[in-house]
Amino acid sequence: MFEKERDKYLNRHGFEGMHLKAVLFDMDGVLFDSMKNHSEAWHIAMTKMGFHFPKSEAYMHEGRTGSGTINIVTQRELNRDATEEEKEQIYKIKSDIFNSLHDVEPMPGAMDLLNKLKTDHVTPILVTGSAQKTLINRLNLHFPNTFVPELMVTAYDVKYGKPNPEPYLIGKRKGNLELYEGIVIENAPLGIESASNAGFFTVAVNTGPLEDRILIDSGADLLFHSMQELADHWEALRKCLQQ
Ligand code: CA
């Protein structure tokens, strides 16, 4: 199981084998069922500022830093970059709304998978475009003793953010990894693009409204339809990636 996908990846990169030591996790839509709240918060904040931003657009920008998303919207509607003040103001409104919405729940299956990693001594690394301090604190609440600060990449660490490979390359450096020693779990097209272009074996979990094909076309090596499905196949996947 999964040998075909693994061998395709190995051939593409000229690696002899996988030696899985770490899993790099995206956060929103992977560890937390938070994308509905994000799209709602972006929609309200942008509308308040006079911009057109349907909820569905949030899924297209998922993984970008907040300032990156804001800049795309001002470029589109005002033909100019966003000022630093605008970026701060809009992102603050968006964050306040996000924090006021009902509590974000962990993604079903995420805890199951993280527990399996712990048993197998595979290291979890966080790679998120989020600058949501509350959500990062929530990590420790819902997944205690799992993610350590030295192995987290957030919006504060990056210059470009996803879809640039930068965040995953920083994760690779923080984890002291070779590419064939880690895999990435992502739910969004831009995140998959970032991970795949960084050179990692990229597992898509389609937890949102997009078609599978969009995630595959973004560069995913393998796709599951939920974190639970991935957790259920973890043993087979780990064996395949540690040969
Ligand atoms: Ca995500």
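Entry one. I counted four cavities of 30 Å³ or more in the structure, taking a cavity as a set of points on a 1 Å grid over the protein atoms alone where a 1.4 Å probe fits but cannot get out, with lining residues having an atom within 4 Å of a point; a volume is the space filled by probe spheres set on the points, which are joined across faces, edges and corners. This is a predicted model, in which local features need pLDDT of at least 70 and side-chain atom pairs count only at pLDDT 80 or more, while totals for chains, interfaces and linings use all residues. Residues are numbered from 1 along each chain as its sequence is written, and side-chain values use heavy atoms, with hydrogens and water left out.

Entry two. I read a volume of about 280 Å³ for the largest cavity, and I found 25 residues in its lining, of which Asp 28, His 38, Glu 62, Gly 63 and Arg 64 lie nearest its centre.

I then turned to the second largest cavity, which holds about 50 Å³ of space and is lined by Tyr 59, Glu 62, Asn 187, Ala 188, Pro 189, Asn 206, Gly 208, Pro 209 and Leu 210.

Notes:
On a 1 Å grid over the protein atoms alone, a cavity is a set of points where a 1.4 Å probe fits but cannot get out, and a pocket is an open set with protein on both sides within 12 Å along at least five of seven lines; lining residues have an atom within 4 Å of a point.
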